[in-house]
Amino acid sequence: MSDVMVEAEETTIETEEAQDIPILYLHQVERHYSQGEATLDILRGAELALWPGQSVALVAPSGAGKSTLLHIAGLLEHPDHGEVYVAGQATANLPDAERTRIRRTDIGFVYQSHHLLPEFTALENVMLPQLIRGLGRNEAKKRAQELLDYLGLKARVNHRPAEMSGGEQQRVAIARAVANAPRILLADEPTGNLDVKTAEHVFAAFNQLIRASGLSTIIATHNMDIAARMDRRVTISDGLVVELD
Ligand code: ADP
């Protein structure tokens with residue numbers, strides 16, 4: 001776990017210089033989808049500032065635009081209007097290669113389904129994003145082992161996804177999301193496919209990891225117990241982000 005903590009300390013030091021600016025800032029974000037003749041106005045000028053080290057629960061009914069917002073925040077989708085600032089840098093008009101670089105370096109994703117590569121072991125799945133980023137094999141392996149160990153998966157490192165339970169698969173997906181020590185972790189209903197007990201177990205690991213590493217997090221969830229344990233709760237209402245308490 002030592003390296004994970006070292007990375008966490010480095011992350012904190014990096015962001016300390018910029019504590020007065022959000023690590024992620026969605027400004028006047030609009031997203032509209034056309035559906036036949038009609039237009040769906042999903043986001044209509046949404047504002048959301050995520051501060052360094054903060055965890056935010058995004059709680060809204062199905063179809064409200066949670067995934068859309070997370071995809072835009074994670075630079076997977078372009079807004080139709082508005083800007084997404086990552087650590088103060090405007091990203092909307094950057095070339096795709098630069099957006100990809102920022103996404104790989106600064107942003108981790110966890111989805112409702114694990115999206116692990118079936119032919120690779122847990123260890124290899126967590127090593128891959130690091131190798132893609134250019135890390136050496138030994139270094140990537142060491143960090144993957146430490147992360148999986150930290151998430152309680154020491155005995156599962158050489159298992160393929162099909163040989164693991166749903167909760168174990170999701171914990172591997174969490175390890176993969178933070179493998180490159182991102183500054184921002186975006187999670188889209190990460191426990192949505194799990195039974196209540198497993199969801200609690202996976203969330204506990206997730207929460208422990210984000211607290212220990214100082215990660216800034218947005219988690220879309222329907223689970224009010226999970227939302228209550230985040231620093232802040234927001235919803236999407238009429239295409240805007242609204243604070244819940
Ligand atoms: P949530 O995550 O809150 O369930 P989504 O962001 O997935 O909501 O979707 C919000 C709305 O936008 C839904 O009505 C969905 O059908 C619509 N939508 C999402 N993506 C597209 C798309 N690519 N084309 C058209 N409509 C879309």
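A polar contact is a pair of N or O atoms within 3.5 Å; within protein, one must be able to donate a hydrogen and the other to accept it, and residues adjacent in sequence count only if both atoms are side-chain atoms. The model is predicted, so local features need pLDDT of at least 70 and side-chain atom pairs pLDDT 80 or more, while totals for chains, interfaces and linings use all residues. Residues are numbered from 1 along each chain as its sequence is written, and side-chain values use heavy atoms, without hydrogens and water.

View A. An oxygen atom of the ligand lies 3.0 Å from a polar backbone atom of G65. For S67, a backbone N or O atom is 2.8 Å from an oxygen atom of the ligand.

**View C. The largest nonpolar core.** Among the 38 residues of this core, V126, L148, V172, L185, F206 and I219 touch the most other members. Such a core is a set of buried Ala, Val, Leu, Ile, Met, Phe, Trp, Tyr and Cys residues joined through side-chain atoms within 4.5 Å, buried meaning under 20% relative accessible area (1.4 Å probe, protein chains only).

**View D. Surroundings of V172.** Leaving aside residues up to four places away in sequence, V172 touches L116, A122, N125, V126, L148, L153 and M164, contact meaning heavy atoms within 4.5 Å.

Terms used
Buried < 20%, exposed > 50% of the residue type's maximum accessible area, 1.4 Å probe, protein only.
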